[in-house]
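Me: I would like to learn how to read a protein structure, one feature at a time. Could you walk me through this one?

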Amino acid sequence: MSVNPNEKPEEGGEKPETPETPAKPETPVVPGTPAKPVTPEKPATPEKPATPEKPVAPAVEGGESAPAASAAAPGEGAAAGAPSGRRRLADALWPPRVTRAQLVVALLLACLGFGLAIQVSSTSEGSALRGARQEDLVRILDELDDRTQRLEDEKARLEKQRSELESSSDQAEEARRQTQEKERQLGILAGTVAAEGPGITLTVTDPVGAVESDMLLDAIQELRAAGAEAIQVDGVRVVANSYFTGGGEDMRIDGTPVTAPYVFKVIGKPEDLEPALNIPGGVVQTLEKEQATATVERSAKIVVDALRPAKRPDYARSSSP
């Protein structure tokens, strides 16, 4: 029976046998030719397992790569990139979150700082003796002690007078004597009575005419603060209501012209008067800056004999009977 090659074999039927391929004829071996060695086959190289791809990290500011994001939870997609540290800091600082307690504390600190600033400013500006030397400070303290002692002596003298008036048998005579003594003292202060005693002589030369009236007035104030009891300048008695005008060649005291050199005759304690003029930044240094010269001489006896006329008051009258 002939078999049609185009027909498919029925299922379960036997497949036709494939004709055998004729074998290739063997190459004849030529005598004297060495046989080629048979090359052993190389063992097959095992395939490497595929390396899983790494997730690409998102780029951040500054050119640095952010750390790899953690694996997403099962059933969720990959999480977005985490915010940078600068962004988190900015979010924490702005907008500011201020409580009432913080506002109260800030207000108290501001008030405290303002008070400290005012205190430091007033202390630095009001310290006139900041740059003085230790010797000058000691001398100034001694002057203050001497002034305190003078006030204590005056108090003791007045208390003694009161005791004498209370214990004297002839109170009228004692009162008259004390009144005369008080009149002499007031006459010295008013310039109507001549005075003498220990003190100093201050001579101010002005070769360039740079000394002004306010400089001489400062000298008078320093001398009074140091305990001067009577002052005379170039024949003019200086009292509480004296005034200085002009300057240079037109210097006047109470309207009376005076010329350089200006000679001050001062009655008081020389140990207090001379240092008061020589303190740092005082009268002597101020005059020297103006190319003037100030010399101070102590004396055991200074005579102040320039007098001022006693004026009778026009309206004031004594209230005692």
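Reply: Gladly! Helices (H or I, at least four residues) and strands (E, at least two) are DSSP runs, numbered from the N terminus. This is a predicted model, in which local features need pLDDT of at least 70 and side-chain atom pairs count only at pLDDT 80 or more, while totals for chains, interfaces and linings use all residues. Residues are numbered from 1 along each chain as its sequence is written, and side-chain values use heavy atoms, with hydrogens and water left out.

Me: How many helices and strands does the chain have?

Reply: There are 7 helices and 8 strands. One of the loops, between strand S5 (251-253) and strand S6 (256-258), holds Asp254.

Me: Is Asp254 buried or exposed?

Reply: Buried means under 20% relative accessible area, exposed over 50%, and partly exposed in between (1.4 Å probe, protein chains only). Asp254 has a relative accessible area of 18%, so it counts as buried. Across the chain, buried residues make up 20% of the 321 residues.

Me: Which side chains make polar contacts with the side chain of Asp254?

Reply: A polar contact is a pair of N or O atoms within 3.5 Å; within protein, one must be able to donate a hydrogen and the other to accept it, and residues adjacent in sequence count only if both atoms are side-chain atoms. The Asp254 side chain has such a contact with the side chain of Ser242 at 3.1 Å, and another with the side chain of Arg308 at 2.6 Å. For plain contact, the rule is heavy atoms within 4.5 Å. Setting aside neighbours within four places in sequence, Asp254 is in contact with Arg237, Asn241, Ser242, Tyr243 and Arg308.

Me: What is the order of the strands in the open sheet?

Reply: Two strands pair if DSSP finds at least two bridges between them. Here 3 strands form an open sheet in the order S4-S5-S6, with antiparallel pairing. Strand S4 (244-245) and S6 stand at the edges with a single partner strand each, so one side of each has no neighbour in the sheet. S5 and S6 pair over 3 bridges, and the bridge partner of Arg252 in S6 is Pro257.

Me: Which strands pair with S1?

Reply: Strand S1 (residues 195-205) pairs in the antiparallel sense with strand S8 (residues 293-304) over 10 bridges. S1 also pairs in the antiparallel sense with strand S7 (residues 262-267), over 6 bridges. As examples, Glu196 has Val303 as its bridge partner in S8, and Thr203 has Val263 in S7.

Me: Where does Ala300 lie, and is it buried or exposed?

Reply: Ala300 lies in strand S8. With 70% relative accessibility, Ala300 counts as exposed. Leaving aside neighbours within four places in sequence, Ala300 is in contact with Gly197 and Pro198.

Me: Which residues form the nonpolar patch on the surface?

Reply: Like charges are joined within 9 Å, and nonpolar side chains (Val, Leu, Ile, Met, Phe, Trp, Tyr) within 5 Å. Accessible areas come from the Shrake-Rupley method with a 1.4 Å probe; for residues, only the protein chains shown count as cover. Val105, Leu109, Leu112 and Leu116 form this patch, with about 400 Å² of accessible area together. Val105 lies in helix H2 (residues 100-126), and is partly exposed at 46% relative accessible area.

How values were computed. Patch = residues over 30% accessible without salt bridge, like charges linked within 9 Å, V, L, I, M, F, W, Y side chains within 5 Å. Salt bridge = Lys/Arg side-chain N within 4 Å of Asp/Glu carboxyl O.
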